[in-house]
Amino acid sequence: MRKMPSSLCQISRVSTSLPGFLTFFITFHICKLESALFTVVGPDQPITAIVGEEIVLPCRLSPSMSAENMEVRWFRSEFKNVVHLYRDGRDQFGGQMPEYERRTVFWKDDITDGNVSLMILNIRPSDEGQYTCLVDDDITSEAAVIDLKVAALGSNPVISVEDYQKGGIRVTCRSAEWYPEPQALWRNGQGHHIASLSEIKSPKVNGLFETEISVVISGHPNLNLSCWIRNSLLDREKESTIHISALFFPSVNPWMVALSVILVIVLSFIILDVYLFRITGNLQRELGWKRAVICPGLGQTAPPLEKEEVTLDPDTAHRYLILSEDGKSGRWADARPDLPDNPERFDTWACVLGHEGFSSGRHWWEVEVGEGRWWALGVARESVGRKGQISFSPKEGVWAVRCCGGKYEALTAPDPTPLPLDRAPSRVRVYLDCTLGRVSFLDADTEAPIFTFPPASFAGSRMWPWFLVLFGEINLSQRQ
């Protein structure tokens with residue numbers, strides 16, 4: 001039973017007389033006014049999140065007050081569908097919905113100012129919908145509803161010439177990984193819409209859509225044909241173009257037969273080329289990568305490649321990170337409010353820098369990530385932002401790769417670059433060439449290349465080893 005706000009609310013008996021009724025009515029409204037101590041405020045417009053990334057659902061108390069001793073419950077359509085629960089001064093994961101396990105972060109840094117926002121990691125299409133932010137202090141219970149929209153910008157359209165059909169050429173366009181269901185159409189060189197012969201939009205197991213549209217082109221030699229696919233929620237589109245030559249429109253049947261033979265021969269060569277590429281491609285790619293990273297500027301004098309013993313700098317570590325005494329490992333843990341908020345310390349993201357930076361030469365070190373599914377590592381300029389929300393990319397002074405729920409990406413700008421790795425690396429080797437402005441990564445166990453950033457200018461900058469850890473641990477100890 002909830003406590004009443006004052007003695008005015010302790011009514012043991014109500015008279016049936018008119019004066020008694022008036023007393024009860026006035027007292028009831030005084031109680032109601034006394035108990036309405038705060039309201040819960042969320043955004044008045046839907047929030048859009050990108051599949052695979054993180055999103056913060058903003059929620060705060062008005063007027064600003066501490067919510068440390070209150071219950072904050074984030075849930076979906078029903079009270080029992082708990083997305084995240086904060087109660088008794090700590091996170092409560094016992095009744096959390098399975099699909100949100102290890103995917104929610106309730107930031108407590110600003111809870112004393114009434115900030116009760118929630119971060120959701122690795123956004124999925126199934127996360128779309130309404131979320132309720134309910135705050136209860138045993139006297140007042142107030143809530144706000146946040147509408148979350150989910151979007152994904154799919155792959156570049158792939159156009160292929162299929163076969164002859166109905167006196168023309170059947171051309172098909174395919175693209176995948178869209179959300180919500182995209183708009184797809186054909187356009188000619190003048191930008192005019194061309195009606196599709198067929199259109200298939202099918203959701204996959206992960207909830208993302210794959211689209212396929214076909215068109216038959218006849219009597220239009222030397223035609224530029226574009227496949228245009230648009231995500232209306234993001235107001236962004238992707239487009240690919242193919243040129244249909246006059247050779248595809250023979251005037252007599254013998255030419256059609258000859259063209260078919262040519263297509264068969266070309267297709268045979270393509271299949272043979274793909275087969276040979278699979279045999280030699282990995283070796284060539286690995287040798288070329290090693291030559292570019294480990295031996296740049298062959299025939300020239302290059303500085304030696306130095307193996308570094310990197311340690312973590314506790315003065316830069318976020319309060320959610322606990323470092324070992326020797327500075328060789330760091331792990332995610334409960335916040336430590338006793339840490340000083342010095343200018344070097346990261347205050348929003350669970351980041352930490354190496355203890356020593358580099359302004360010249362060529363260096364490498366290894367990071368053991370084990371089975372962690374939430375980490376990022378690389379290098380950062382000395383001027384990288386430490387406070388508030390930071391977008392990590394070379395534009396912001398960070399060259400890094402990350403693992404986000406088992407999905408690997410290079411933190412490029414303006415969008416991350418997916419990394420289709422054959423295996424999940426347990427150790428990552430980082431190469432830094434300050435002279436050439438090159439940052440590269442490889443799997444330290446198999447020596448398979450992971451990613452190399454385009455050359456950048458590091459002149460006048462000091463570069464530091466950079467790490468981000470969520471729900472896991474990193475280790476810099478060297479194997480014997």
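C173 has a relative accessibility of 1% and therefore counts as buried, a term that means under 20% relative accessible area with a 1.4 Å probe and protein chains only, as against exposed at over 50% and partly exposed in between. The model is a predicted one, in which local features need pLDDT of at least 70 and side-chain atom pairs count only at pLDDT 80 or more, whereas totals for chains, interfaces and linings use all residues. Residues are numbered from 1 along each chain as its sequence is written, and side-chain values use heavy atoms, with hydrogens and water left out.

The partner of C173 is C227, to which a disulfide joins it with an S to S distance of 2.0 Å; a disulfide here is a pair of cysteine sulfur atoms within 2.5 Å. Because C173 lies in strand β13 (residues 168-178) and C227 in strand β18 (residues 223-231), the pair ties together parts that are 54 residues apart in sequence, strands being DSSP runs of E with at least two residues, numbered from the N terminus. C227 is buried as well, at a relative accessible area of 0%, and the torsion about the S-S bond is about -80°, so this disulfide is left-handed.

Across the whole structure the search finds 2 disulfides. In one of these, C59 and C133 are linked with their sulfur atoms 2.2 Å apart, and this link connects distant parts of the chain, 74 residues apart, with C59 in the loop between β3 (55-57) and β4 (60-62) and C133 in strand β10 (residues 129-136). The link of C59 and C133 is left-handed, with -90° about the S-S bond.

Notes
Helices (H or I, at least four residues) and strands (E, at least two) are DSSP runs, numbered from the N terminus.
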